[in-house]
Amino acid sequence: MGLRPPVAALFAIAVSAATAFAQSNSATLLGSVTDPTGAVIAGAGITVTNAKTRVARQSVTDAAGAYEIPLLSAGEYLIAVEHSGFKRIERSGIALSAGDKVKLDLRLEVGNVAEQITVAEAAPLLATQTPARGVTIASNQVENLPLNGRNFVQLISLQPGVVVGGQINGAITFNGLPYQGTTINIDGTDAANPDRPTATNFGGQTRLNLISQEFIQEFKTTQGVFTAEIGRATGGSVNVITKSGTNQFHGSLFEFVRNDKLDARNFFGVTKDKLRLNQFGATAGGPILRDKLFFFGGWEGSRERRGLLITGAVPTPGFRQQMLAANPAYKPILDLLPQPTEALPNDLNRGFHRRQDVRPSREDVFLGRIDFAPTARDTFFARYTIMDAFVVAPNIAPANGRTFPSQDRTGTFSWGHTLSPRTINELRLGANKQDLPRANAAYSPGGVGTISGFLETGSVEILQANGGSVTILDNFSHTRGKHSLKAGFEVRRYHYGRSNGQNPIYRFDTVQEILNSSPRSIDVTTAFPKTSRMSTTEVGVYFQDDFRVRSDLTLNLGLRWEYYTPVTEREGQLFNVASSPYGAFREKGQPIWDLDRNNFGPRFGLAWEMFGSRKNVIRLGGGVFYSENMLRNVSILNRPPDLPYTLTIDRADNPALARYPIDPFNIDLSKFQAPVNRLLVDPEHRTSYSVQWSFDYQREITPNLAVTLGYIGNRGLKFLQLNFLNQIVETGRRPVPGVGQIRYEVNDGMSVYHAFQTSVRKRYSHGVTFNTHYTFGKSITNGGGSEEGINDIQDWRDIRGSRSRTSLSIAHLFVADYGWDLPAGKLLGANPGRAVRRLLEGWRINGITTMRSGFPLEIQSGRDAFGSGSARGQRPYLVAGADIRAGTGDYRTSALHNYINRAAFVPNGRFQYGNLGGWILTGPGSQAFDFSIFKNTRITETTNLQFRTEMFNVFNHSNFSAPNSNLNSGLFGRITGAGAAREMQFGLKLLF
């Protein structure tokens, strides 16, 4: 099927521009030039010069007196305007960030052009050209704010409507939308984890997260209603801009140190958690050819041994003896498990284990960047980054720790070319390659397995995974009268390889099943799986017109079309049904689902400077936004339907199911009626999208202080939802005999989000800067939204019965950051001694404060009542009139820290769904105050020695973890962990 006419037209526009791009990595400066009477001046010469590199761009005003200069790299600029018969004017101190579109109107005075007026004034604080939301974190915030672990991801949360972490480590959720709809870029090209779009690797084990804090010039987040040039994002985007060299040689040497002797004890720890952390490195940048060629490079290393509190339910000595007497084959798995450290009330079979273990880690990250401006019409840059890490994460079984060796490599190349004063093109190429294996120490093919259900012994597996992307991007910009036109397209090729070897998983729901060695079901990997090499191509084409209707009114009109090819496998080893979950499989070479070419995303925005007042701005907008992330989701579709290497065997299907243990490599498949547990995808799969709308009022209180009041809403549609089909029914059989359990991914998920959001921002002046953000919101879903199950469907025939809050729906969220240069000079008097001045000058304090209400909790039965191969989403019965929290006391001070009343629930029986709603309870809230104080000592005119003291959770507030919400667990309802206690860090930096 050919491209539809509108698509073909957009494609032609983009091709005429060259190749294509979709993540803004530069700024635009625009405005008008007038005379003292307000009349426009045509033909005025405009020169914009980077203050540090002296790279200059030139333009002239058009017949309407307007100018626009795009493709300006982040930094501080000087603008000069001249015209015969008028005095030349220069305005300095204009700070531009990536993605900014700053309006700067200039008025010339009558006089000789040789006369000059110089004005030092910052750019306007209000956003007057677009309704897009988000924040720009400048280099001074990146360098000065106290970041725990020096991890820049923490800064992403310094804005309204954003949750970092939560259910998935490193996941970034904008305004209640799934984290799969967030793009993560470095210098405008993809840098996300290929397994899932997060800012961390598996388990969130990496501290530096692809790039050092020392390498960051700034980063920009975009959310809400953004323009058509940004695509592949239903939620928002993050773009990190790296530092570049300048005409002045500059750099740093640094080391940061932590030691548990300076820290407080964790609330649940018997002693302090062990901590030895050293982070160190160096950076350097400067000119190779002044005004033309610059370099920047750096390295940071991290060496850590961090104590972790490990807790869990384990067999009591008496129950161990019973298990061994019943079946001596349990010995290898019991030998892995530790003994209880204390008893559990009313439980003779399980005890509570608590110990303080240590997680060692090593990480190194390197960066090199070259910037080149050979002519006034061309600019180039190239950047390469590599991060190498090795981490060992302990778990409940001391000898079964999980290792995470990983390596991430990203690179970007950019070429900007000025075709004319009003026409510019930018070409960008990007590559992202990440290796993400993991393995449990106890893994050996066919060796000790995992017990799940009444006891949880932990995974025993090995995973080989790697992947990444290659991107070709381009933007074409042209200014014509009142119209700022952009067109372009993006082509991104994703690749991903995955193979997962796992020892058998035995599910026992009750004590008797364990003693009878009679598991309810078994997951078996019959051979080490062959690595499947999957790939998909994403194409985005857009056209954007920013139309300045009047000097105080701008319309943002855009249209984007996106297309995502069905996932393919290098050897054709992907198998999906042709028509239904039970139908025939598609032939090799056929797309695994029908093509979806209908992904048109209109964008509309309005920015109005109210009644011509530049101190009051109304912004509103709406749009449709698409994203896709299916590589990980279809990684199990490489099971040939007639030759499975992984199968789930349920006792309801096979009453003669073998006793524990089994030999996975010598299993006789002919003995089992329905061995295959299939994962399938709806053959009519469609691309997920969101519809978003927003309204903001911005008020400039002073030139450096602004307030924003706003509302934002969105509706997510066609999100992924996992349904368990062909479940065992009351007859004890499956509706379709001969076929096992089917996990079926469909696009039936939806979400709704509404929020009031407000911000107060004070730009640095008089030694003080601060930003505060507050969100009051709620997010609701019917159960879809994430392959990890942000919410879960209990009964796919009654989807509305699982309608609830999402797991990341936070009612109240407040974040603030601040910095203050202490005014020591005012206290020194007229003639202080040199020693006194050096002691008292150069002090600065910084802080980050975060307070939020709790995350929602879902209470699950922990039993697989339907032979689904998973108990996920199956909920118990709520006792009529019972209070979920009654009788638990104050969880902060009670002996067992119970948060949920176990007596309020009754387990659902076989073939029964509980009547409890999803995510009905809210967990404990959280608050953290991170604080730092610096002393800057000037050694020479260009050299500064900085000593830093940083404290995280400075008031040592106990932030409790969520309680165990698995009714089948011996720890149900109990809180067994808390966030980190107060930690201190000292740092020394030599800046030159």
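Is Arg 305 buried, exposed or partly exposed? With a relative accessibility of 41%, Arg 305 counts as partly exposed, because that value falls between the 20% and 50% cut-offs. Keep in mind as you look around that this is a predicted model.

## A nonpolar patch

The surface also has a nonpolar patch, with an area of about 330 Å². Its members are Ile 288, Leu 289, Ile 370 and Phe 372. Two strands give two or more residues each to this patch: E18 (275–289) and E21 (347–375).

Leu 289 belongs to strand E18, and its relative accessibility is 46%, so Leu 289 counts as partly exposed.

## Arg 57, a buried charge

Now turn to strand E3 (residues 56–60), where you will find Arg 57. Which side chain of opposite charge is nearest to Arg 57? That side chain belongs to Glu 68, and the distance is 9.4 Å. A salt bridge needs a nitrogen and an oxygen within 4 Å, and Arg 57, although buried, has no salt bridge.

What does the side chain of Arg 57 reach instead? Another goes to the backbone oxygen of Leu 71, and here the distance is 3.1 Å.

## Glu 68 and its partner

Side chains of opposite charge can pair when their charged atoms come close. Glu 68 takes part in such a pair: its side chain meets that of Arg 548 in a salt bridge, with 3.3 Å from N to O. Glu 68 is part of strand E4 (residues 66–72) and Arg 548 is part of strand E31 (residues 532–550), so this pair ties together parts that lie 480 residues apart in sequence.

Are the two partners buried or exposed? Glu 68 has a relative accessibility of 8% and therefore counts as buried. Arg 548 is buried too, with a relative accessible area of 12%.

How many salt bridges does the model hold? The count comes to 52. One of them joins the side chains of Arg 520 and Glu 513, at 2.9 Å from N to O, and both of these residues are buried. Some salt bridges share partners, and in this way Asp 190, Arg 232, Glu 490, Arg 492, Glu 538, Arg 560 and Glu 562 are joined into one network.

Glu 950 and Arg 948 give one more example. Their side chains meet in a salt bridge with an N to O distance of 3.2 Å, and Glu 950 is buried, as is Arg 948.

To finish, look for Pro 340 in the loop that runs between helix H4 (331–336) and strand E20 (342–344). Its relative accessibility is 22%, so Pro 340 counts as partly exposed.

How far is Pro 340 from Ala 39, in sequence and in space? Along the sequence, the two are 301 residues apart. In space, their C-alpha atoms are separated by 84 Å.

Conventions: Residues are numbered from 1 along each chain as its sequence is written. This is a predicted model: local features need pLDDT of at least 70, side-chain atom pairs count only at pLDDT 80 or more; totals for chains, interfaces and linings use all residues. Side-chain values use heavy atoms; hydrogens and water are left out. Buried means under 20% relative accessible area, exposed over 50%, partly exposed in between (1.4 Å probe, protein chains only). Helices (H or I, at least four residues) and strands (E, at least two) are DSSP runs, numbered from the N terminus. Lys and Arg count as positive and Asp and Glu as negative; His and the chain ends are not counted. A polar contact is a pair of N or O atoms within 3.5 Å; within protein, one must be able to donate a hydrogen and the other to accept it, and residues adjacent in sequence count only if both atoms are side-chain atoms. Patches are made of residues with over 30% relative accessible area and no salt bridge: like charges are joined within 9 Å, nonpolar side chains (Val, Leu, Ile, Met, Phe, Trp, Tyr) within 5 Å. Accessible areas come from the Shrake-Rupley method with a 1.4 Å probe; for residues, only the protein chains shown count as cover.
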